[in-house]
Amino acid sequence: MSELMSGALELTGVGMGFVFSFLIILVGVMVAMSAVLTRFAPEAPPAPAKRRQEPQARASAPAKVDADTAEAIRIAVSKYRARHK
Amino acid sequence: MSELMSGALELTGVGMGFVFSFLIILVGVMVAMSAVLTRFAPEAPPAPAKRRQEPQARASAPAKVDADTAEAIRIAVSKYRARHK
Amino acid sequence: MSELMSGALELTGVGMGFVFSFLIILVGVMVAMSAVLTRFAPEAPPAPAKRRQEPQARASAPAKVDADTAEAIRIAVSKYRARHK
Amino acid sequence: MDKLMTLWTGSGLYNLSIGQAVMILVGLVLLYLAINKKFEPLLLVPIGFGGIMANIPEAGLALTALENALHFGRPEVLAALAPIMEVDYQMGQALTPELFKTFKGAIVDMDAAEYVAASGVATDFGYSSGILNSFYEVAIGSGVAPLLIFMGVGAMTDFGPLLANPKTLLLGAAAQFGIFATVIGAALLDGSGLMDFTMLEAAAIGIIGGADGPTSIYVASILAPHLLGAIAVAAYSYMALVPLIQPPIMRALTTKKEREIKMSQLRHVSRLEKIVFPISVLLLTALFLPDAAPLLGMFCFGNLMKECGVVERLSDTAQNALINIVTIVLGLSVGAKLSADKFLDMQTLGILVLGMAAFCIGTASGVLMAKLMNAVTKEPINPLIGSAGVSAVPMAARVSNKVGLEANPQNFLLMHAMGPNVAGVIGSAVAAGVMIKFLS
Amino acid sequence: MDKLMTLWTGSGLYNLSIGQAVMILVGLVLLYLAINKKFEPLLLVPIGFGGIMANIPEAGLALTALENALHFGRPEVLAALAPIMEVDYQMGQALTPELFKTFKGAIVDMDAAEYVAASGVATDFGYSSGILNSFYEVAIGSGVAPLLIFMGVGAMTDFGPLLANPKTLLLGAAAQFGIFATVIGAALLDGSGLMDFTMLEAAAIGIIGGADGPTSIYVASILAPHLLGAIAVAAYSYMALVPLIQPPIMRALTTKKEREIKMSQLRHVSRLEKIVFPISVLLLTALFLPDAAPLLGMFCFGNLMKECGVVERLSDTAQNALINIVTIVLGLSVGAKLSADKFLDMQTLGILVLGMAAFCIGTASGVLMAKLMNAVTKEPINPLIGSAGVSAVPMAARVSNKVGLEANPQNFLLMHAMGPNVAGVIGSAVAAGVMIKFLS
Amino acid sequence: MDKLMTLWTGSGLYNLSIGQAVMILVGLVLLYLAINKKFEPLLLVPIGFGGIMANIPEAGLALTALENALHFGRPEVLAALAPIMEVDYQMGQALTPELFKTFKGAIVDMDAAEYVAASGVATDFGYSSGILNSFYEVAIGSGVAPLLIFMGVGAMTDFGPLLANPKTLLLGAAAQFGIFATVIGAALLDGSGLMDFTMLEAAAIGIIGGADGPTSIYVASILAPHLLGAIAVAAYSYMALVPLIQPPIMRALTTKKEREIKMSQLRHVSRLEKIVFPISVLLLTALFLPDAAPLLGMFCFGNLMKECGVVERLSDTAQNALINIVTIVLGLSVGAKLSADKFLDMQTLGILVLGMAAFCIGTASGVLMAKLMNAVTKEPINPLIGSAGVSAVPMAARVSNKVGLEANPQNFLLMHAMGPNVAGVIGSAVAAGVMIKFLS
Ligand code: NA
Ligand code: NA
Ligand code: NA
């Protein structure tokens, strides 16, 4: 077996082993973290959760207005069109 | 005649010659290209053409809405003003 | 007194002196500038001032429209809501 | 007349080599694929255009100042360079092609001090490096561009589906087998005598199977910069071909019944979990694989900016202005590596074949891993989401969804496939770290 | 087995020093403060994350190529470096901790030519500088990043309130006493034998009292780069703490009656005045304090772009894409200076204590100056706006407003406090110029 | 007292030379023109402000580390530099103005290695390069900034009108005669003995007639960097003056009847044609004029990004964030070349006169070419669109339209003038390539 081939095989073994080990540990950490967070820092139920996000919601605020705006405009436009058809 | 002057004249001759040659060739290429494209890849008639452009028209879509919006708003505003004057 | 301490005291004296001198001169310059500008390049009264800004107001134009728009929309939305409640 | 002659002998038409003509065609093909076939256009438009620019004869846009000086090969310049580059040449000696080859070969043999000195001589004689070369040095030579793009990708990635179902990380792990199988494939090709690969080259080619552009470019720039052009082109082309490559493999390895498996709805993931996740990944990287720290660190930083919710303006810039600027420069830089003498080589053919194999094997591994997990665990997994483990975000997840819908029109797998999909990004970065650890 | 061993001996867990572990914790605390307590998150998120990355063992992300070469300390590399760095070492000699200390100490003793040569050797052996180090060199080593941020800040600053009431500039001048008092404090601490400070270090620490991030970083990078990490962290943390630090001092130094003082409405400021103002400041700087020209020049340039009204697109970019990109890079660069050996030091403790003192003294000076002005001039000034003279824009002005509202719910001080607030920015830059003039 | 003295002897007022005072006035005039008269403000605001900053005495913002070291001229620094710079000086020798002149003259005589060594010595003594100099090196010294701006301009250019009427390319060709006539003019001025110009300088000045900022800066940075400041200022000022310069010439060379010529409506141009066009230009450049490849390549790349329709986000960034950032840095960099010793020179006067001549001759050539084409071809061309061939996009096209409307209020020439207008951009870049080919 060539040196390159033995090197490739060794790299494959160590590499896949390490990738799996790392991601399995990560699975463990994620599960543990979720458990801890759910227990000690439970997210408030939906409604208050929304409220909590508000202080920093400035960026998304326009989007919200837009929904209303869109409706208002849709109505205004349809009226306008109806009148000018 | 100074060396600088003879250099300048030569540069002018070669330069203008080259600029014209290059752009004349480019004219030829453009004419040929348009002929080839019109022949072998004719653009669909206006209506389908519009449809073809739509997938990527997201960027210009707001502009279109704006036109309608603007009218709607103009009307709404004038009404509002009429009422509050 | 350590060398560091004497250096620190000297730096403080010179530094605060310079900061105050610089800013006092700046106060003088600002007062003089305002006086000169008010005298020789008085800003037109509010209305014309507005007009003067218009040529380059493209960037701020939307803001202006927005004020009107906002009102129009507020009305439209409230009407819409009233009707759909 | 003299000047006209100069114009003609300095023109591209007079100097065009066959290799350059072919590479210009390759560039045009890449542009065609990008524009007409929508093959990852964000990268392939700049790469294709840069490839054409790099092959403009005499312009030297992709060459360093020293390479430009050698290309024009004026005797006095060569004579000044000869002692520094330790080439046996004296003014007046014939300028044979062998001589130029010797000079070009001597570039890589110089140490840093000699290289600086030789570049200084080239500068003294008025040569400068081409614009694409400048872009390459700043963007890829420094390693900065792929990392900044990875940061932007992090800022666009939602780990919610992965957090809701952590075990899909294993699918992302399994799919990395494509990477290492390709290294073995390169060793086989090398053994067959058809083409030569070193271990470094084999590893750099394998990473194509990771299906992550920035990771591929980062690894190639460290392990085998001379193959960077071909590797980047292969990586992005195959990512664009995912919808063609994957479905047959997925269908071949699964039964209709397996493809119809419905997965339970994903649980809600809290904001706090999403904030803690990138920090956890960073800490694990710090503890277990420092060599993956540049890639995973920047990726997690981008993701943290997105999720923490207090730096929206930085997150927005990372996802837009910054990543776009870097993409333009990176694409042109990759194009700079598409010069004829580096690309038109049997190795490039090998890269294309091996890269394709890497994708196929990775897809298969992901699907098979899902089947294995089904055999072991209770909660059923639709094996179609395994193929998404190669990453190629979000294309591979969409492919899983589409093949799933074919089997059962009510079975929406997209969100489930996003888990392994982003897991594949982490998996490839880990694999990259292992390779850099052992080989660089 | 061999490779597994390499993986383990190269892992972070195996190499983690106590200092690094502590610094990673410090990074996590900074992230917590930034994300959960909203402590200047735009800077502290990147600084905290960068701090963690900088302390990943073996990754060397914050080290130069030469430092990385010394860290791994292969005998052949050391032997090649020894003559250049004038260290007494020969191949085969024992690699004692003292030897490494000698090598590391020799870095600062080299002149520019030797440093280039040594770095070249490190590069020849395959070492490269870490990504955070590259960011640091480009962003802070060149001095460019704090200046570009200052330009962006200028483009966001409205000098209207200051122009309407120019004498509030004096409040911004008085508050700079915090800076110089801190220098005296550092001298006292040094005299007490508790910790050592040089004049340069004392000055760099004092500038924390200026309460301007970019100014602090700029001055620290010139006068005491080794303290930059601690200084930047202190500066931004205390700026975030302004709402806690200032009110007690403000209340202690004022009577209820003083806090209730109503100030007359600010006059309208014309567009032309706002255009002429940054140019005037630039010219005064040119005439009287050229050393403040980089800081004040870029600041005034940003402000002129904003006010002149004809380059909106440049002004927008300076306030958004550009400042965001620079903030990301600057934050990570500052993080690079949070390595254990530079941060875990008695000096850092001194910096934290002195920085806090600087803020308190600056606040008090501003308030007292306002009271002094009230005693001298006719038009009454609410002394609460004096505290805004430390800058920390716009936080300090908001604090003035809030404390004012407590005393009289109808008394809105915000606009009046914006005058001294932006005056403080100019004042700190002037103080920085004086320090650079005498000490660099 | 000592420190006060230092402050005074280090102040700008104490050190201000007459030249610097004049240049600061020039900077203020540029700001006035930019802000009040709307003279190309995007460039002239940064250039004017940078010009003022560059002339702040003692600040050295536009100087390299070596220039700063020479400026302060401490004997020990000079003694260390003397052997490297091959200047005859020994410690203790009198510091005469001649000595400083010799030192400054020696800067350009050093080769690259000596320059690095001398800069290293300056760094060792604590001198660093000013911020404007850093910007200059990065933005213009590398050639990158004008090319990136050209890319952004390409992404904003619509070649539709040119594609609809290809023969208007000839108008863009004819207008380049302004460039070459100026070279002859410079030779005449040189012959007259009034001022001296080299061939390189004459060519760099001529390119002002191309009426394209980035092209002018790119060519000047290669052929005559010492004239860059004056050339850039002239180029942008005259572009702003196009509405004043062109109409009299246009009216003088045409009859009312010619000005009333109506042109037939432009045909529709397909998307595919627009995509193929930039690629065609790139290929022609590759074949015939590789030296124009950097300029035309980047220009075509920008245009392709715009037209291909699949990389909107890159195209948007090229037209906004990227071009704005580069404009800020480029403008300040150009300002760095407005130092008194380089700008206050008879040559600058010559540049201003010749630049104006270039614009006038170019305008006339374009108009005359249109008349010639009318004499030869069937389809009538309104000669007023010929003047748009100088480029100055889109100002010159608007001027054509306006003068046309004066003659016939129903005659809208704007779209017809856009053809020669963008053709002028290509024409200037080709002329630039020819000059670089023969002279660099
Ligand atoms: Na992957
Ligand atoms: Na301040
Ligand atoms: Na032109």
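UniProt, in an unreviewed entry, lists residues 20-42 of chain A as "transmembrane region". UniProt positions are given in the numbering used here, feature names are shortened, and annotations may be inferred rather than shown by experiment. In the coordinates, that span is 91% helix and 0% strand, and its end C-alpha atoms lie 31 Å apart. Helices (H or I, at least four residues) and strands (E, at least two) are DSSP runs, numbered from the N terminus.

A word on what you are looking at: this is a predicted model, in which local features need pLDDT of at least 70 and side-chain atom pairs count only at pLDDT 80 or more, while totals for chains, interfaces and linings use all residues. Residues are numbered from 1 along each chain as its sequence is written, chains are lettered from A and ligands numbered from 1 in the order in which they are written, and side-chain values use heavy atoms, with hydrogens and water left out.

Chain A has three helices and zero strands, so its elements run α-α-α from the N terminus on. Of the 85 residues in chain A, 31% are buried, where buried means under 20% relative accessible area, exposed over 50%, and partly exposed in between (1.4 Å probe, protein chains only).

How many residues does each chain bring to the contact between chain D and chain A? Chain D provides 46 residues and chain A provides 31 residues, with contact meaning heavy atoms within 4.5 Å. The size of an interface is often given as the accessible area lost when the parts come together. Here chain D and chain A bury about 3300 Å² between them, and 84% of this is on carbon and sulfur atoms; buried area is the accessible area (1.4 Å probe) that two parts lose on being put together, summed over both. On the chain D side, D:Phe180, D:Arg271 and D:Leu284 lose the most area to chain A, together 16% of what that side buries.

Which elements of chain D supply this side? At least two residues each come from α11 (160-164), α12 (169-174), α13 (177-191), α18 (271-288) and α25 (414-439) of chain D. Of these, α18(D) gives the most, with ten residues. By class, the chain D side has 31 nonpolar, nine polar and six charged residues. In this scheme Ala, Val, Leu, Ile, Met, Phe, Trp, Tyr, Cys and Pro count as nonpolar, Asp, Glu, Lys and Arg as charged, and the others, Gly among them, as polar.

Between chain D and chain A there are zero salt bridges and two residue pairs in polar contact, both at pLDDT 80 or more. A polar contact is a pair of N or O atoms within 3.5 Å; within protein, one must be able to donate a hydrogen and the other to accept it, and residues adjacent in sequence count only if both atoms are side-chain atoms.

Some chains do not meet. No contact joins chain C and chain D, whose closest C-alpha atoms lie 20 Å apart, and none joins chain B and chain E, with closest C-alpha atoms 19 Å apart.

**Salt bridges**

Side chains of opposite charge can pair when their charged atoms come close. Over all chains the count comes to 27 salt bridges, each a side-chain nitrogen of Lys or Arg within 4 Å of a carboxyl oxygen of Asp or Glu. Among them are these:

| Pair | N to O distance |
|---|---|
| D:Glu406 and D:Arg251 | 3.2 Å |
| F:Arg251 and F:Glu406 | 3.2 Å |
| F:Glu307 and F:Lys306 | 3.1 Å |

In chain D, the pair links distant parts of the chain, 155 residues apart: D:Glu406 lies in helix α24 (residues 395-407) and D:Arg251 in helix α16 (residues 228-253). D:Glu406 is partly exposed at 44% relative accessibility, and D:Arg251 is partly exposed at 35%. F:Arg251 is partly exposed at 37%, as is F:Glu406 at 45%. F:Glu307 is buried, with a relative accessible area of 10%, whereas F:Lys306 is partly exposed at 29%.

**Two single residues**

D:Ser237 sits in helix α16 of chain D and is buried at 12% relative accessibility. A polar atom of its side chain lies 2.6 Å from the backbone oxygen of D:Val233. Not counting residues up to four places away in sequence, D:Ser237 touches D:Phe39 and D:Leu44.

E:Glu114, in helix α8 (residues 112-124) of chain E, is partly exposed at 23% relative accessibility. With the same exclusion of residues up to four places away in sequence, E:Glu114 touches E:Ile84, E:Glu86 and E:Asp109.
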